[in-house]
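Please work through the exercises below with the sequence and the structure at hand. Each task is followed by a solution in steps.

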Amino acid sequence: MTSLPVYRWRLAPEGLATFRQLRALGLRPAGQPVVAQLEHPRRRRGPLVAFLYRVDLARPVRPMTPARWAALAKANAARRVCPECGRDAGYRIPSSLGTCSPCAYPDTSAG
């Protein structure tokens with residue numbers, strides 16, 4: 001296994017981009033391998049690492065089809081339904097709570 005070239009933050013050569021930079025250009029890596037990595041040193045922790053891809057091998061992002069939009073809407077709707085009471089909470093239920101706010105924090109003063 002060969003090691004990847006490592007570049008310092010903001011010193012990557014032309015023609016290489018991170019995933020987010022590709023996405024901002026309307027591109028995707030399209031299954032190409034990572035060709036290098038970018039490192040940003042930090043004082044008390046390990047460096048931040050970003051993988052670099054070749055821009056010339058990147059392909060355009062696939063457009064959303066009506067079926068994909070429908071699947072995404074269905075998945076988001078499912079995340080709004082409280083598993084405890086079964087009601088639509090009107091917002092995405094946080095995974096930290098697992099239920100809607102009224103179920104997670106029942107009103108103890110009523111009664």
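The exercises that follow concern a predicted model.

**Exercise 1.** Determine where Gln37 lies, whether Gln37 is buried or exposed, and which residues surround it.

*Solution.* Step 1: Gln37 belongs to strand E4, which covers residues 36-40. Step 2: the relative accessibility of Gln37 is 16%. Buried means under 20%, so Gln37 counts as buried. Step 3: when neighbours within four places in sequence are set aside, Gln37 contacts Leu4, Pro5, Val6, Tyr7, Val49, Ala50, Phe51 and Leu52. Step 4: the side chain of Gln37 also makes a polar contact of 3.1 Å with the side chain of Glu39.

**Exercise 2.** Describe the surroundings of Val49, one of the residues in contact with Gln37.

*Solution.* Step 1: Val49 is part of strand E5, residues 48-54. Step 2: Val49 has a relative accessibility of 42% and therefore counts as partly exposed. Step 3: together with Leu4 and Phe51, Val49 forms a nonpolar surface patch, whose accessible area totals about 240 Å². Leu4 and Phe51 are also among the contacts of Gln37.

**Exercise 3.** State how many salt bridges the model contains, and characterise the partners.

*Solution.* Step 1: the count is two. Asp56 counts as exposed because its relative accessibility is 55%, whereas Arg54, at 33%, is partly exposed. Step 3: another salt bridge links the side chains of Arg80 and Asp88, at 3.2 Å from N to O. Arg80 has a relative accessible area of 31% and is therefore partly exposed.

Definitions and conventions. Residues numbered from 1 in each chain as written. Predicted model: local features only at pLDDT ≥ 70, side-chain atom pairs only at ≥ 80, totals over all residues. Heavy atoms only, no water. Patch = residues over 30% accessible without salt bridge, like charges linked within 9 Å, V, L, I, M, F, W, Y side chains within 5 Å. Areas by Shrake-Rupley, 256 points an atom, 1.4 Å probe, with all protein chains shown as cover. Salt bridge = Lys/Arg side-chain N within 4 Å of Asp/Glu carboxyl O. Helix = DSSP H or I, 4+ residues; strand = E, 2+ residues; numbered from the N terminus. Buried < 20%, exposed > 50% of the residue type's maximum accessible area, 1.4 Å probe, protein only. Polar contact = N/O pair within 3.5 Å; in protein donor to acceptor, adjacent residues only side chain to side chain. Contact = heavy atoms within 4.5 Å.
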